[in-house]
Amino acid sequence: MSGPGEKRQEARGLRRFRPQLLAWLALVALLGATWGFAYLPLGAGNLVVALAISTAKLLLVAVIFMELRESAALLRLGAAAGFVFLAILLVLTFADVAVRYGGN
Amino acid sequence: MSSATRDAAAPPPEAAQPDEPYAAFDRQRLAQSFAMWIFLATEVLFFGGLFAGYAVYRFAYTAEFTEAARQTEVHLGTLNTLILLTSSLFVALAVETVGQPSQRFCRWMLGIAIALGVAFLAVKGYEYRVDIVKGLVPGAGSELAPGPGRIFIAFYWVMTGLHALHVTIGLGALAVMLRRLIRRPEAMRRKADLQVAGLYWHFVDAVWIFLYPLLYLVGRAQ
């Protein structure tokens with residue numbers, strides 16, 4: 001199977017590790033952002049920002065570290081399946097809770 | 001090396017054939033990775049249940065949760081996030097270089113990743129001790145007012161404890177991979193053992209990426 005991974009293995013020195021190193025730098029920067037934003041008074045926005053940044057970090061880990069970028073469609077489907085089931089769990093749970101306790 | 005060259009090079013006895021029932025190494029690698037992703041999907045639901053429970057109680061008792069959550073050790077939590085992100089980098093570097101003629105770099109990357117994982121557990125253990133001394137516990141000896149605040153702390157202990165258990169299992173898997181790299185380098189070159197252990201480790205990192213803001217960064221703006 002050829003692809004970006006194959007081409008990268010021919011690169012010299014640090015260039016072959018560029019995706020991983022850049023991903024790590026982005027992750028550390030996002031960690032700083034999460035931490036920093038937590039101290040700003042944004043009300044409900046704090047949670048939204050935190051989850052959005054966490055999602056971005058998750059995508060970086062999944063696509064670059066876990067190599068979904070270079071993976072066969074079968075693996076990407078397997079990964080997506082886990083999140084589809086998680087979405088079902090969360091959406092149905094929250095729909096129930098919001099209707100029951102929303103009136104409080 | 002491309003996967004074709006990797007398979008065509010003269011194989012020593014230990015790596016001459018893929019394992020049963022695979023006809024070719026690339027089939028075995030695909031099956032190994034697929035199996036791990038399926039397992040990780042179940043793990044997503046495993047932790048997902050705890051996250052859903054946390055969300056429901058936080059939605060119901062927002063003020064008490066916020067009050068209790070402010071007492072977590074944000075500096076230790078942030079340090080641990082940095083440690084885990086960096087260990088994932090080193091695992092990724094190891095996976096990237098397992099196919100090299102000399103796997104020395106790969107073994108070093110894996111060794112550093114394991115050391116960082118152990119550091120994570122050390123920081124967590126120290127943090128648990130600080131939490132206990134502060135009375136940040138759900139039950140007997142709690143310094144928190146009785147009520148929903150203690151539910152938050154219960155979630156904190158269960159979620160981080162379960163995560164720490166996964167970190168320990170991941171470290172065991174990585175250590176086994178390091179041993180295999182030393183004893184059976186050719187088999188490790190052809191199969192996806194290291195990649196699969198790496199997937200598990202990155203998953204453990206990903207869970208922590210979500211645990212961190214939900215347990216450590218609540219109510220910090222007040």
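Tutor: Let's start with chain A: of its contacts with a separation of 6 or more, 49% are between residues 24 or more positions apart, a contact being heavy atoms within 4.5 Å. Some bookkeeping first: this is a predicted model, where local features need pLDDT of at least 70, side-chain atom pairs count only at pLDDT 80 or more, and totals for chains, interfaces and linings use all residues. Residues are numbered from 1 along each chain as its sequence is written, chains are lettered from A and ligands numbered from 1 in the order written, and side-chain values use heavy atoms, leaving out hydrogens and water.

Chain A has four helices and zero strands, read as DSSP runs numbered from the N terminus (helices are H or I, at least four residues; strands are E, at least two).

Now for the part to zoom in on, A:Leu31. You'll find A:Leu31 in helix H2 of chain A. Why is A:Leu31 classed as buried? Because its relative accessible area is 5%. Inside its own chain, the C-alpha of A:Leu31 lies 8.2 Å from that of A:Ile53, 22 residues along. Skipping residues up to four places away in sequence, A:Leu31 touches A:Lys57 and also reaches across to B:Thr78, B:Thr81, B:Leu82, B:Leu85 and B:Tyr212.

That takes us to the interface. Here 46 residues of chain A are in contact with 47 of chain B. The two chains bury about 4200 Å² between them, 77% of it on carbon and sulfur atoms, where buried area is the accessible area (1.4 Å probe) lost by two parts on being put together, summed over both. A:Leu31 turns up again here: along with A:Met66 and A:Leu75, A:Leu31 is among the residues of chain A that lose the most area to chain B, the three together giving 14% of what that side buries.

What about the polar side of things? One salt bridge crosses the interface, using a side-chain nitrogen of Lys or Arg within 4 Å of a carboxyl oxygen of Asp or Glu as the rule. A:Arg16 and B:Glu96 form that kind of pair, at 3.5 Å from N to O. On the chain A side, helices H1 (4-9), H2 (18-38), H3 (45-65) and H4 (73-101) each supply at least two residues that touch chain B. H4(A) gives the largest share, 14 residues. By type, that side splits into 32 nonpolar, nine polar and five charged residues; Ala, Val, Leu, Ile, Met, Phe, Trp, Tyr, Cys and Pro count as nonpolar, Asp, Glu, Lys and Arg as charged, and the others, Gly among them, as polar.

And the partner? Chain B has eight helices and zero strands, and buried residues make up 55% of its 222. Its C-alpha trace spans about 70 × 30 × 30 Å along the principal axes.

Technical notes:
Buried < 20%, exposed > 50% of the residue type's maximum accessible area, 1.4 Å probe, protein only.
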